[in-house]
Amino acid sequence: FCLNRLYLLQTVFLILLFNCQMSKKRSHAAEEPEIPADLAELLGLSTETNEQEKGKKKRKRTVQHHDGMWCTHVYLKIPNDEVMEPYTTEARRIWNTRLNGEQQAQPTDARVKTATTQFPLCPMTSVSAEEAEDSCNDANADKEYHVSLSRALYLQQHEIELLVSKLTEAVQDAALAPFCVDFGSCSCFVNDEKVTSFLALDVKQGNEQVRTCIKIVDDVLKQFNQPTYYKDPKPHCSINWCTGNIAKLLRAKTGKPKKKCKTEAPQLLGTLQQHASVHIPCLCIKSGNKSYTVQFPMLNV
C-alpha cells in the first residue's frame, strides 16, 4: 500500500513538472513570432534551427576549437570614433531602407540605431560566450572596427613571435608608408558558412594599399602553411552583423542570378555621401589575448 502511494505521488509530480515546462514554452512562443518557413529557407535558416534559436540573436561558432593552437588574425585598426560615426550611421540607414522598407531618414535619425525590424542589425560585440566566434574575429571590436588582412589562422605558441618578426621584415622590405582610407559605399557580406551576414563599408581611397598589405601577409603566411586571403579581395570594414544569408535575399529582390562559386558574392547596398579619411599607421596582429603592431616605415620624401 505504501509503495502504491509513493508511485502515485511520483506520477503526480512528473505530470505537474511536465505541465509547468509546457506552459513556459507556450509563453515564450507567444512573445516572439516564428520566422515564416519560406523566409527562413531564403535566408539559409532551417526550420529546425528556427525553432531552436527562436528569440536568440547569436552568432554561431563556425570553426572548431584547436587544442594547443592560438587563433590569430591580421588586420588594420579602424577606430570607432566621431570620424567613423557619419559612415556607420548612413550605412545603417541604407540597410534599413533596402531591407526593412523604412522611408529615407536623415543620417542623424536615432531610429537607425535602435530600430526593431525584420532584419535587425546586431553590434559586432553582441556575441554569446558559449557560441562566440573565436576571439580573432572580434579584434577588440568594442573599441574599434577593423579591415581584415587574413582569414582565421591557427598557430602554435612558438610560431606567433616568428610570424610577427616575419611580417615586420616584410613590411620594411616593401617600404609601405602610412596611408589613409575612406569608404565609398556599403555592402552586404556573408561568411563562408552562409549563416551570418555583415553590413560593411567598402574601402575606396587606400584600396590599393590595403591590397598590397594583403599580398604581403599572404606571402608570409605561405611560409607557415597557413591559408591565404580570398583570391579577389574586396577590402571592407564590417560594422554590424545579422543572422542568415541576407545577400541571397537581396539577389531575390533584384532578380540577379547567382554566379557559380562556393562563397556568396557581396551585394552592394548603396553609395555613401560622407567623406572623411582614417589614418592607418600600422598593421595589427591579434593572437589569443595578445596583440602586436607592425609600424609602417616613415619614408623620406
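Reader: How are helices and strands named here, and where is glutamate 264 found?

Author: Helices and strands are DSSP runs, numbered from the N terminus. The model is predicted. Glutamate 264 falls in the loop between α8 (246-254) and β9 (267-271).

Reader: Is glutamate 264 buried or exposed?

Author: Buried means under 20% relative accessible area. Glutamate 264 has 8%, so it is buried. Its C-alpha atom is separated by 8.6 Å from that of asparagine 245, 19 residues apart along the chain.

Reader: How do I read an aromatic pair, and how many does the whole structure have?

Author: Start with the ring centres, which must lie within 6.5 Å. Then take the angle between the planes: under 30 degrees is stacked, over 60 is edge-to-face, and the rest is tilted. A search of the whole structure gives three aromatic pairs. One of them joins phenylalanine 179 and phenylalanine 296: 5.8 Å centre to centre, with 35° between the planes, hence tilted.

Reader: Which parts does the pair of phenylalanine 179 and phenylalanine 296 tie together?

Author: Phenylalanine 179 lies in strand β5 (residues 179-181), and phenylalanine 296 lies in the segment after β12 (290-295). The pair therefore ties together parts that are 117 residues apart in sequence. Both phenylalanine 179 and phenylalanine 296 are buried.

Reader: What kind of pair do tyrosine 229 and tyrosine 230 form?

Author: Their planes stand at 70°, so the pair is edge-to-face; the ring centres are 5.1 Å apart. Burial needs a separate check. Tyrosine 229 is buried, at 9% relative accessible area. Tyrosine 230 is partly exposed, at 32%.

Reader: What sits over the ring of tyrosine 230?

Author: The charged end of arginine 151 does, 4.0 Å from the ring centre.

Reader: Which way do residues of an α-helix point?

Author: An α-helix has 3.6 residues a turn, so residues three or four places apart point the same way. Now take a case. Helix α7 (residues 207-222) has 16 residues. From first C-alpha to last, α7 reaches 23 Å, close to the 22 Å expected at 1.5 Å a residue.

Reader: Which residues of α7 are buried, and what do they pack against?

Author: The buried residues of α7 include Val210, Cys213, Ile214, Val217 and Leu221. Asp218 is also among them. The buried residues of α7 pack against β1 (70-79), β3 (144-148), β4 (153-155), α6 (157-174), β5 and β7 (196-203).

Reader: How many residues of β1 are buried?

Author: Seven of its 10 residues are buried, so β1 is largely enclosed by the rest of the structure.

Reader: How do I read the pairing of β1 with β3, β4 and β11?

Author: Look for bridges and their sense. Strands pair if DSSP finds at least two bridges between them. β1 and β3 run antiparallel, joined by five bridges. β1 and β11 (residues 282-287) run antiparallel with four. Then go to residues. Tyrosine 75 has serine 148 as its bridge partner in β3 and cysteine 284 in β11. Cysteine 71 has tyrosine 154 as its bridge partner in β4.

Reader: Where is threonine 88, and what does its side chain reach?

Author: Threonine 88 is in helix α4 (residues 85-100). Its side chain reaches the backbone oxygen of glutamate 85 at 3.0 Å. Threonine 88 is buried, at 3% relative accessibility. Leaving aside neighbours within four places in sequence, threonine 88 is in contact with Tyr145, Leu201 and Ile239.

Note on methods: Residues are numbered from 1 along each chain as its sequence is written. This is a predicted model: local features need pLDDT of at least 70, side-chain atom pairs count only at pLDDT 80 or more; totals for chains, interfaces and linings use all residues. Side-chain values use heavy atoms; hydrogens and water are left out. Rings of Phe, Tyr and Trp (its six-membered ring) pair if their centres lie within 6.5 Å; planes under 30 degrees apart count as stacked, over 60 as edge-to-face and the rest as tilted. Helices (H or I, at least four residues) and strands (E, at least two) are DSSP runs, numbered from the N terminus. Buried means under 20% relative accessible area, exposed over 50%, partly exposed in between (1.4 Å probe, protein chains only). A charge sits over a ring if NZ of Lys or CZ of Arg is within 6 Å of the ring centre and within 35 degrees of the ring normal. A polar contact is a pair of N or O atoms within 3.5 Å; within protein, one must be able to donate a hydrogen and the other to accept it, and residues adjacent in sequence count only if both atoms are side-chain atoms. Contact means heavy atoms within 4.5 Å. The expected span of a helix is 1.5 Å times one less than its number of residues.
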